[in-house]
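Subject: Structure handover

Dear colleague,

Here is the structure I said I would pass on. My notes on it follow below.

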Amino acid sequence: MIQFIINNKPVNTGHNPNTPLLEFIRYNLNLKGTKTGCNEGDCGACTVLIGELQNGGNIKYQSQTSCLTPLGNVHGKHVVTVEGISPAKSPQQLQNRPLSPVQEAMCNNYATQCGFCTPGFVMSMTGHCLSEQSNTSANLKVAIDGNICRCTGYHSIMRACKELEARFPEKTAFGSPVEFAVENNIVPEYFKNIPGEIVALHGALKTLDLQGQRVGGGTDIYVQKHDTVKRISLDFAGLQNIPAIEISNGKVVMSSATTVTHLREHEGFSRLFPSFIKHSKLVSSTQIRNMATIAGNFINASPIGDFTAFFLALNATVIFDSDRRVALNKLYLGYKKLDKSAEERIAAIEFPLPSSHSFFNFEKVSKRQHLDIASANSACLMVVEDMVITDICISAGGVGPTPMVLNKTCAFLKDKALTDAVIDEALVITQSEIAPISDARGTEQYKRLLINQLIKAHFIEYRKR
Amino acid sequence: MSATNERIPPTQTNIDSQTHLRGESLYLDDIPILTGTLFGACLGSPVAHGHIRSIDISAAEAVPGVIKVFTAKDIAGENEIGGIIQDEPLLADHEVHFCGMPVAFVVAETWDIARYAMKQIITDIEEHEPVTCPRKAKELGMLIHPPRTHRLGNVDEAFENCHYIFEGQADSNGQEHLYIETQGAYAVPQENGQIRIYSSTQGPTAVQKAVSKVLGVPQHSIEIDVTRLGGGFGGKEDQANTWAALCAMAAHHLQVPVKYALHRLDDMAMTGKRHPYSSDFKIGLSEDLKILAYEVTFYQNSGASADLSPAVLERTLFHCNNTYYIPNVRATAYPCKTHLPPNTAFRGFGGPQGMFVIESAIMFVAEKLGVDATDIQYRNLIQTGQPFAYRQLVDSDAQNCWHAAANAFNIGQIKKDIAVFNEQNEHYKKGMAIMPICFGISFTNTMMNNARALVHIYSDGSVNISTGAVEMGQGVNTKIMQVAAVTLGIHPRKIKILSTNTYRVANTSPSAASATADLNGKAAQIACTALLNRLKEVAAQQLNTTELDHICFKNGLVYLDDAETALTWEAVVMTAFVQRVALTENGHYATPKIHYDKATEQGHPFAYHVFGTSITEVTVDCIRGIYDIDSVKIVHDFGESMNTGIDMGQIEGGLVQGIGWMTLEEVVYDAKGKLRSNALSTYKVPDVYSVPGTITILPLETDKDNMAILKSKAVGEPPLMYGIGSYFAIRNAIKAFNPNAKIALDAPMTPEKTLMALYS
Ligand SMILES: Cc1cc2nc3c(=O)[nH]c(=O)nc-3n(C[C@H](O)[C@H](O)[C@H](O)COP(=O)(O)OP(=O)(O)OC[C@H]3O[C@@H](n4cnc5c(N)ncnc54)[C@H](O)[C@@H]3O)c2cc1C
Ligand code: FES
Ligand code: FES
């Protein structure tokens, strides 16, 4: 039995937990406001909000693409669709239906044309209002970076964001983001009762107890497989699997449930990597970052996995539930081949705390700068003292069958003076270590040039710092 | 006084806004499902070209829940859905002509059973070599129809007198429509062999005709109903027919409702896109940079069947000069038949492809001569009274738009600022380009320029309007409602615009060619005016006057000689009803003055032209080979916009779509004709970060009369072509970094091409 609350109604269902939430919402619950655009997380038309109970008894909401959200992953949570945030209307209100402030701002600015993307935008923007993020149009823009609109050209939508920024007081004046949203009619009153209802639900909640492939956020497993995914065995992490990031004893340890958004919101992590917000903005979208785990990125083993490149440069180690430890740069044996048994699950990820005078940078180029898979990517952690590179680790993705550390390049650069001539010489070595192939992400020739440019960019960024 | 001369307040938001925003608007996949409905899935050919030896459907039919698998032999009527040319089977019979060509249609109890069973169908196809390149197809004589040529003056003679002559090649790639709502249809059998089909189509009549043929049932038995589309952009003008015909065939055969809403992957693989073009140009200029002669050969990649390619090709020829006067022109276009999905209408309809080539030729000349391309552009802008190659004399606003843009935005200063920036920055370079446009409004097929509107006034004074217009986000229903409200002098609240339905309005032209509001709006205006005149007579009796001209309906009240009377709209309607006055009217509009002779390739095909000038500025990151569109500044000829909110939205949206076509959007087929960019993860349209930092749109100040509805010029397609400026602006920025960069005139300018050019 999967149990959750949708809008203001409880759901109890014996439905296949592998079913994508979108399908369940549209065809079982008959809530047609949530739209199907792509079924692979790339358009945002299916965006819903998922609320999860926090330690303090609050509900924390985030936007997700329901086409990639397994039904099993909303067990014990609050699911909100566009029907659940629209102000109540009476049957007599045939015209002039009441709108929430988000909807009103969109309407005032002509930000809906064909309307098919519109509920998704409304949900992403409402999700922003329910988040801890401060109420700025820049933050609202980030909130809609996973929503594609083919009609408007986005400017009218951004004008709606500006209107919302001007309209609301700062959230800090309220007890919680949910209180802020209720007080300003962004969401209906019933949101106030949800925490109590979720606590009551949790009291009687049974774990799903399934066997099979572990699902993190589902943002890899569910892509282009929503019709076959119902026929395989999956296991959901469940509410016990809590995201946790610990920084102590010279190392950083993250639990397997840690998502990109958790890292973005974690104060200690942001202090370590002040550019993480900027860097991770290049990776997928708000909705996907809210779901995607770092562990899932590693196990997916894509040659262009962005977080794999990121953590390779940080010399991360994977800790399995079997207590076996494998250095990330030893995990990949070949294309999508891992030093991992089918049963082994990542329990945690660990990496040594970079020294305080080290420099870190991440580079990624894709056809579209955001919400796109890299043509090539690279991360670099280095220590430069008196213009001499005393320590360096550079990773590269998209230039071989697996994400890789450029060992030879780094060995050459270590203890060399940081000059253009040295970099040029190092790039010759880089070219000998990589083996890119021509594919949808670019020709071999392009990727060879690009990786050189990205490595140069690390040093340019270092000089600019 | 006549109410139609009154200006409409241009602030009416889209009448669907509230239901859109609340998620209550109904699209095809939201229509409540009737009990017993079955679901379809269509198998596309796995190979691009071949002979079908066998299709084994036994395993698929054995899947529990599968009702039937249809193949070509199950078609009761004709296996033919071609519109302009009858060359397109609904389901492949003997031969397959493109990857994704519909081969079989599975009908099952649920959509996932249907999709699962579809994958169990075994096709045995003898593969032949596919042709994907239009030039190769032309060499092999594979043409949809013979080439067409537009001629003006004497090109050969003119070239002899040119001071400069250059020759080159320019290519532009296709473009996926990527309407966010995929294609689909829902067919529901009715009594007596009739059938109702809900279709996500821009062309209900085209769907009706295709279904009629496939079922072998007359058109009067086939009701097509369209509430709205989640985007069309031309992709659902002709290519909605297949899914409707498949559902109708199955529903008719099984006598149960059948629905098929396409999966995104199937939609992208099975439907055609904007036509890629490869073109050769030869351009001759005088010493003072007047273009004297232009010869151009277009190789249109039409795909496997005609679809709308002949009409698209025609518009390429009409727009091959863009907005320039060239006294000697020879433009030839070949519709090349390849083994790709039949390419189809896409906003601009071949016009942008033609304009890209002349702009490329001008850029080519500018680079060779070391002059500023904007100089050449400016000197050659067409003037009122000058002809295009098709001989229509133009009422030109080309200069006016250019001057207005130059003044408002200070082009000189922009150029200076860019030079300074480029001087000061090593890793970043800026570039700019100007894109003047001219786009002809009307279907180039004169016959199609007509529309009807059926207007009912009910006895309580409420009004329903049905037209042939399909609402797909362009706001046409809002505009029609505005026209009716102003004409009848009543509050918009009293008016409902109904779904587009072939039982209510017959023989419609598709919602396309930017002309939907003009044609259907005028039809509604005609119907409303006729009704109003009848109501005026009724009111006149009651007011004891015979001077109908002195009566006016405004704000739901009747005015006599500009003075409010006690009569209300409702009262007059009720009296009319009691007096048995007809409260229903069918308005018919056919665009006057237009004509075109295909034999001589001469005539007056367009009701009017739309002009505009845009200035695009970009910054290229020369380390990473990526770019940002900093700003686009536009002076646009709206005529007199009747709804600036909607019209500005069309400009911003069209511009961004054009920028996408020129920059990120790359349709990729492999050598075997299989689509590689087959999902949103591999085909990238602009997102919120890739749009211009600022978009400024100023209306051209004009008081000229025009033939548009309420003088509010068509605005759907023209702005897409402002996007072409982004291609040339990026090119200029690359040249600022590497003056020797070798850059083929080959759009889109992807980051890959940009980086390779920066370091070439
Ligand atoms: C629209 C979209 C955009 C994307 N953009 C990017 C991008 O820019 N860059 C990028 O790198 N990736 C991108 N991805 C891919 C994906 O989001 C990431 O790889 C993500 O980190 C996967 O995490 P997940 O938790 O969702 O994985 P899941 O789909 O849940 O799982 C992925 C794999 O990891 C395994 N797994 C998950 N958790 C564990 C565990 N604890 N122990 C063992 N195995 C486990 C699963 O069994 C599965 O094999 C994108 C995906 C989508 C849909
Ligand atoms: S349907 Fe496109 S993101 Fe879910
Ligand atoms: S309004 Fe049509 S896709 Fe956004």
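Helices (H or I, at least four residues) and strands (E, at least two) are DSSP runs, numbered from the N terminus. This is a predicted model, in which local features need pLDDT of at least 70 and side-chain atom pairs count only at pLDDT 80 or more, while totals for chains, interfaces and linings use all residues. Residues are numbered from 1 along each chain as its sequence is written, and chains are lettered from A and ligands numbered from 1 in the order in which they are written.

Backbone points

Ala513(B) sits in the loop between strand E20 (500-501) and H15 of chain B. Its phi is near 60 degrees, a positive value in a residue other than glycine. Ala513(B) is buried, with 27 other C-beta atoms within 10 Å (buried means 20 or more such atoms within 10 Å of the residue's own, exposed 12 or fewer, partly exposed in between, with C-beta atoms placed from the backbone). Lys336(A), also not a glycine, has a positive phi of about 55 degrees. Lys336(A) is found in the loop between strand E12 (332-334) and strand E13 (337-338) of chain A, and it counts as partly exposed because it has 13 C-beta neighbours inside 10 Å. A cis peptide bond, with omega about 5 degrees, joins Ala747(B) and Pro748(B). Pro748(B) is in the loop between strand E30 (746-747) and H19 of chain B.

Chain A

Chain A has 18 helices and 18 strands. Its radius of gyration is 23 Å, close to the 23 Å that the globule rule gives for 465 residues, so chain A is as compact as a globular protein of that length (the radius is taken over C-alpha atoms, and the rule is 2.2 Å times the number of residues to the power 0.38). Buried residues make up 52% of the 465 residues. The chain is divided into domain 1 (2-203), domain 2 (237-352) and domain 3 (358-464); domain bounds come from an automatic or database domain assignment. The centres of domain 1 and domain 3 of chain A, taken over C-alpha atoms, are separated by 40 Å.

Four strands of chain A form an open sheet with antiparallel pairing, in the order E15-E16-E17-E18 (strands pair if DSSP finds at least two bridges between them). Strands E15 (358-365) and E18 (404-405) stand at the edges with a single partner strand each, so one side of each is left without a neighbour in the sheet. E15(A) pairs with strand E16 (residues 376-385) over eight bridges, and Phe359(A) stands opposite Met382(A) in E16(A).

Chain B and its contacts

Chain B is divided into domain 1 (3-24 + 450-590), domain 2 (31-129 + 177-270) and domain 3 (277-444 + 598-758). In the contact between domains 1 and 3 of chain B, 22 residues of domain 1 meet 19 of domain 3 (contact means C-beta atoms, placed from the backbone, within 7 Å). H15(B) gives the most to the domain 1 side, with five residues.

Between the chains, 63 residues of chain B are in contact with 59 residues of chain A. H17(B) gives the most to the chain B side, with seven residues.

Regards

Key:
Contact = placed C-beta atoms within 7 Å.
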